[in-house]
Amino acid sequence: MFNFYDIAYWMGLGAAAPYWLIKKSAREKVLRALRERMGNVARRESASAAVWIHAVSVGEINATGALIKGLRKEKPELEFIVSTTTTTGYARGEQLYGKSSHVRLIKYPLDFSSAIGRALDALRPSVVVLMELEIWPNFVLRCKQRGIPVIIVNGRITEPSFKKYMLLGPVTKRMLRRLDRICAQDETYAGRFISMGAMRETVEITGTMKFDTAEVADRVEGDSELAAAVGLKRGEGPIWVCGSTGPGEEEIVLGVYRELLAKHPGLRLAIIPRHPQRFDEVADLIRQSGFEVVRRSQVTTPVEPSGAVVLGDTMGELRKFYSLADVVFVGRSLVDLGARQHGSDMIEPAGLGKAAVVGPFTANFAEAMERLRAGKGIIEVADAAGLEREVGRLLSASVDAKGLGNRAQDVVREAKGATGRHVREILEIL
């Protein structure tokens with residue numbers, strides 16, 4: 001049956017047609033979504049209870065691993081459906097669950113009644129778990145009509161998103177009141193959910209699962225092999241790793257690197273952009289800046305150490321690069337790329353005890369930053385000059401860099417535990 005939401009979506013799609021039909025990239029994106037996200041999934045034959053976990057992209061997908069492990073420890077017979085929206089999220093899901101017998105990976109259906117109905121008919125979930133805040137009114141409504149509980153875990157809502165949801169007024173309120181539970185990361189997020197219309201008794205503060213996904217360790221398995229492959233050699237000069245960088249940041253990093261080489265001639269740089277579609281663009285930028293480039297994806301035999309900039313253009317190796325670093329810059333934080341991209345995961349290098357520097361745009365990791373600030377485990381800079389100053393200082397004062405990394409690692413140890421709390425909440429709903 002069609003409803004108000006279906007009509008609104010189809011009208012919006014039609015109204016935007018002149019844009020997405022003309023612009024090739026938009027057209028491909030829309031047609032791919034209509035082809036892949038209409039709920040046409042294979043039927044789940046098992047009669048076992050199933051937990052459907054929706055994780056939008058890479059960060060949320062990574063957090064599902066510990067959650068699934070915790071749930072299976074308590075109820076080994078559980079089956080899982082993991083859905084995602086983005087191409088990078090799906091690729092990461094395939095890495096984690098491609099060979100799993102108890103986890104099925106799917107593309108999240110578009111919020112049309114027909115698509116949702118087909119998916120729910122085929123998958124028959126016992127409970128739906130939404131990571132952070134990927135919530136759609138039609139989906140929640142259809143689950144409610146079928147008696148399928150829906151719970152938000154690791155819940156957060158940024159200030160810009162909060163304002164947009166408030167503009168929707170009654171639609172947001174009805175949607176939130178159909179949820180069985182909202183597990184918010186902190187008091188601020190909990191207050192926003194309640195202000196938007198959620199019933200106070202359904203909101204719990206459970207912390208962020210991102211600390212639980214960060215391994216506390218001195219090194220990562222496979223990091224030595226990676227170093228040998230791309231020509232990075234520990235002990236022969238400091239290594240600066242810039243991870244999850246976004247547009248505009250690589251140019252700044254390369255400029256800072258050029259200045260730092262004057263005082264640290266043995267310094268090596270590795271850049272790992274956030275999005276795979278930018279790998280070629282960043283490779284060209286490195287060359288245009290006057291540096292040779294070693295692309296991780298194109299290495300067939302080990303590269304001899306040189307002054308080349310290393311480009312991490314593969315998926316799933318960021319932690320290995322962080323493991324090699326003496327100093328880390330965590331990207332999407334120095335250039336304002338819009339509220340949805342304010343910050344990347346600074347918890348991973350913290351768990352590895354790395355001296356990490358971030359820019360001023362870190363709102364998407366507000367709780368993590370609050371804890372790291374309080375524990376004096378991270379350095380924040382405002383601009384390129386600040387980045388050059390602080391990275392240079394850490395390279396010159398290895399004792400200070402080590403102390404910063406140790407404090408960051410202590411913060412991660414102390415902040416773990418949210419996954420266990422979310423497991424208990426989900427089992428209670430089940």
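This is a short talk about one protein chain and a few of its residues.

Hi everyone, and a word on ground rules before we look around. What you see is a predicted model, in which local features need pLDDT of at least 70 and side-chain atom pairs count only at pLDDT 80 or more, while totals for chains, interfaces and linings use all residues. Residues are numbered from 1 along each chain as its sequence is written, and side-chain values use heavy atoms, with hydrogens and water left out.

Let's start with the whole chain. The protein chain has 20 helices and 14 strands. Here helices (H or I, at least four residues) and strands (E, at least two) are DSSP runs, numbered from the N terminus. Along its principal axes, the C-alpha trace spans about 65 × 50 × 45 Å.

How does the radius of gyration of the protein chain agree with that of a compact globule? With 430 residues, a compact globule would be near 22 Å, and the protein chain has 23 Å, so the two agree. That radius is taken over C-alpha atoms, and the globule rule is 2.2 Å times the number of residues to the power 0.38.

Buried residues make up 53% of the 430 residues. Buried means under 20% relative accessible area, exposed means over 50%, and partly exposed is in between (1.4 Å probe, protein chains only). The protein chain exposes about 19,200 Å², with carbon and sulfur atoms supplying 52% of it. These areas come from the Shrake-Rupley method with a 1.4 Å probe; for residues, only the protein chains shown count as cover.

What about contacts, meaning heavy atoms within 4.5 Å? Among contacts with a separation of 6 or more, 71% are between residues 24 or more positions apart.

Time to visit some residues. Please find Arg295 in strand E10, residues 293–295. Is Arg295 buried or exposed? Arg295 counts as buried because its relative accessible area is 12%. Its side chain makes a polar contact with the side chain of Asp280, at 2.9 Å. A polar contact is a pair of N or O atoms within 3.5 Å; within protein, one must be able to donate a hydrogen and the other to accept it, and residues adjacent in sequence count only if both atoms are side-chain atoms. Leaving aside residues up to four places away in sequence, Arg295 touches several others, including Phe279, Leu311 and Asp313.

Next comes Ala115, in helix H6, residues 113–123. Its relative accessibility is 0%, so Ala115 is buried. Not counting residues up to four places away in sequence, Ala115 touches Arg37, Met38, Gly39, Pro109 and Leu110.

Most residues other than glycine have a negative phi. Arg124, though not a glycine, has a positive phi of about 45 degrees. You'll find Arg124 in the loop between H6 and strand E4 (127–131), and its relative accessible area of 30% makes it partly exposed. Asn154 also has a positive phi, near 55 degrees, and is a residue other than glycine. Asn154 sits in strand E5, residues 150–155, and is buried, with a relative accessible area of 1%.

Our last stop is Ile429, in helix H20, residues 418–429. Which residues does Ile429 touch, not counting those up to four places away in sequence? They are Val127, Pro149, Ile151, Asp180 and Arg181.

Methods:
Contact = heavy atoms within 4.5 Å.
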